[in-house]
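Me: I would like to learn how to read helix packing, pockets and cavities in a model. Please take me through one case.

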Amino acid sequence: MIRHTGKIVFQLADVYFSYPLEKPVLQKVNLSIFKGERVAILGVNGSGKSTLLKMLAGLLYPERGSFFAFDTAVTEKSFSDDSFSKSYHRRIGFIFQDADVQLFCSTVEEEIAFGPLQLSLPEDQVRQRINDVIDMLEIEYLRNKTPFKLSGGEKKKVAFASILVMNPEVLILDEPTNGLDPRTQRWLVELLVNLNKAGKTLITSTHNLELVQEISDRAILLDNHEIVADSTTIEILEDIELLKRVNLVDDYYHRHAGSKHTHYHTHNY
Ligand SMILES: Nc1ncnc2c1ncn2[C@@H]1O[C@H](COP(=O)(O)OP(=O)(O)OP(=O)(O)O)[C@@H](O)[C@H]1O
Ligand SMILES: [Mg+2]
């Protein structure tokens with residue numbers, strides 16, 4: 001069963017998008033996402049996952065179709081209004097697939113402070129928020145370091161901190177576990193589960209079929225730039241023929257008694 005409150009966060013109807021001079025990378029997208037949901041976006045490389053997430057995050061706009069967020073129509077023009085743009089980006093936090101494009105300050109602390117300072121909060125509140133998020137993400141040891149010199153996983157944590165410090169209602173995460181070691185992946189999954197329990201809507205793209213069930217109740221499958229399935233995560237994971245058809249799994253992938261894993265050999269039974 002998919003848990004949500006009934007309040008719509010995003011509503012897309014017949015949305016198309018193409019990059020300049022390219023063929024459409026999103027077509028006929030019809031999608032409603034509700035407050036409190038945990039949604040996974042699945043699809044092979046190039047299927048349009050990051051493009052869809054960037055659209056939800058207000059970084060790209062449909063060239064056709066309608067897009068509503070929090071009951072308000074969103075267009076490129078909406079973002080020319082500074083207060084709309086600020087409020088949108090405060091309510092919706094986006095973690096890029098590549099943390100490098102997200103980090104630009106000279107220290108981790110400045111990086112995390114950047115968003116709250118834009119909110120014109122009193123200085124002690126800004127300091128409190130920064131300290132809380134540094135504690136939550138266990139990154140005190142990185143506070144005075146230079147973001148671009150950090151490891152991939154450390155950069156990802158700092159990118160998370162710079163988003164969580166804004167306390168967004170919606171978290172959009174583009175392959176958040178990519179490049180993280182197994183222990184850090186586990187830690188991140190627990191963090192995401194807890195953030196959702198605290199009421200945040202989670203939208204995550206991932207190739208990690210092992211973790212997808214833990215971070216989503218609903219999965220949306222993109223193939224050839226269209227949504228080809230939108231169902232419970234369990235139903236989609238159990239539909240091996242569908243997963244094969246869209247090239248998300250190969251012949252070695254199968255599930256035993258409800259748990260799924262990949263073998264590099266075949267069974268004799
Ligand atoms: N800035 C861009 N300009 C032109 N084409 C782009 C741009 N960004 C992405 N594309 C193209 O759009 C298509 C969808 O890309 P997108 O990044 O959304 O895929 P994805 O599903 O996130 O893939 P991956 O799993 O590799 O991250 C690809 O064919 C890609 O080459
Ligand atoms: Mg991508």
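Reply: Start with the labels: helices and strands are DSSP runs, numbered from the N terminus. Keep in mind that this is a predicted model.

Me: Which helices supply at least two residues each to the lining of the largest cavity?

Reply: They are α5 (152-164) and α6 (182-197). The lining of the largest cavity is made of K156, K157, F160, L180, T184, W187 and L188.

Me: What is the volume of the largest cavity, and how many cavities of 30 Å³ or more are counted?

Reply: The volume is about 30 Å³, and the count is 1 cavity of 30 Å³ or more.

Me: How do the lining residues of that cavity divide by class?

Reply: There are 4 nonpolar, 1 polar and 2 charged residues in the lining of the largest cavity.

Me: Now the helices themselves. At what angle do α5 and α6 pack, and how far apart are their axes?

Reply: The angle between α5 and α6 is about 10°, and their axes are 13 Å apart. Angles under 35 degrees count as roughly parallel. α5 and α6 are therefore roughly parallel to each other.

Me: Is the crossing of α5 and α6 left-handed or right-handed, and which residues make the contact?

Reply: α5 passes α6 in a left-handed crossing. From α5 the contact takes K157, F160 and L164, and from α6 it takes T184, W187, L188, L191, L192 and L195. By class, the contact of α5 with α6 has 7 nonpolar residues, 1 polar and 1 charged. K157 and F160 of α5 belong to this contact, and K157 and F160 are also listed in the lining of the largest cavity.

Me: How do I read the pair α3 and α4?

Reply: Use the angle and the axis distance again. Helix α3 (residues 108-118) and helix α4 (residues 123-136) cross at roughly 130°, their axes coming within 10 Å. That angle makes α3 oblique to α4. The crossing of α3 and α4 is right-handed. On the α3 side, E109, I112, A113, P116 and L117 make the contact, and on the α4 side V126, R127, I130, V133 and I134 do. The contact of α3 with α4 holds 8 nonpolar residues, 2 charged and no polar ones.

Me: At what angle do α3 and α5 cross?

Reply: α3 and α5 cross at roughly 30°, and their axes come within 7 Å. V108, E111 and I112 of α3 meet V158, A161 and S162 of α5. The residues of this contact of α3 with α5 comprise 4 nonpolar, 1 polar and 1 charged. I112 takes part here, and I112 is also among the residues of α3 in contact with α4.

Me: How does the lining of the largest pocket divide by class?

Reply: The lining of the largest pocket has 11 nonpolar, 7 polar and 3 charged residues.

Definitions and conventions. Residues are numbered from 1 along each chain as its sequence is written. Chains are lettered from A and ligands numbered from 1 in the order in which they are written. This is a predicted model: local features need pLDDT of at least 70, side-chain atom pairs count only at pLDDT 80 or more; totals for chains, interfaces and linings use all residues. Side-chain values use heavy atoms; hydrogens and water are left out. On a 1 Å grid over the protein atoms alone, a cavity is a set of points where a 1.4 Å probe fits but cannot get out, and a pocket is an open set with protein on both sides within 12 Å along at least five of seven lines; lining residues have an atom within 4 Å of a point. Grid points are joined across faces, edges and corners, and a volume is the space filled by probe spheres set on the points. Helices (H or I, at least four residues) and strands (E, at least two) are DSSP runs, numbered from the N terminus. Ala, Val, Leu, Ile, Met, Phe, Trp, Tyr, Cys and Pro count as nonpolar, Asp, Glu, Lys and Arg as charged, and the others, Gly among them, as polar. Axes are lines fitted to C-alpha atoms, for helices over the stretch in contact, and angles run from 0 to 180 degrees between N-to-C directions. Angles under 35 degrees count as roughly parallel, over 145 as roughly antiparallel, 65 to 115 as roughly perpendicular and the rest as oblique. A crossing is left-handed if the near helix is turned anticlockwise from the far one by less than a right angle, and right-handed if clockwise. Contact means heavy atoms within 4.5 Å.
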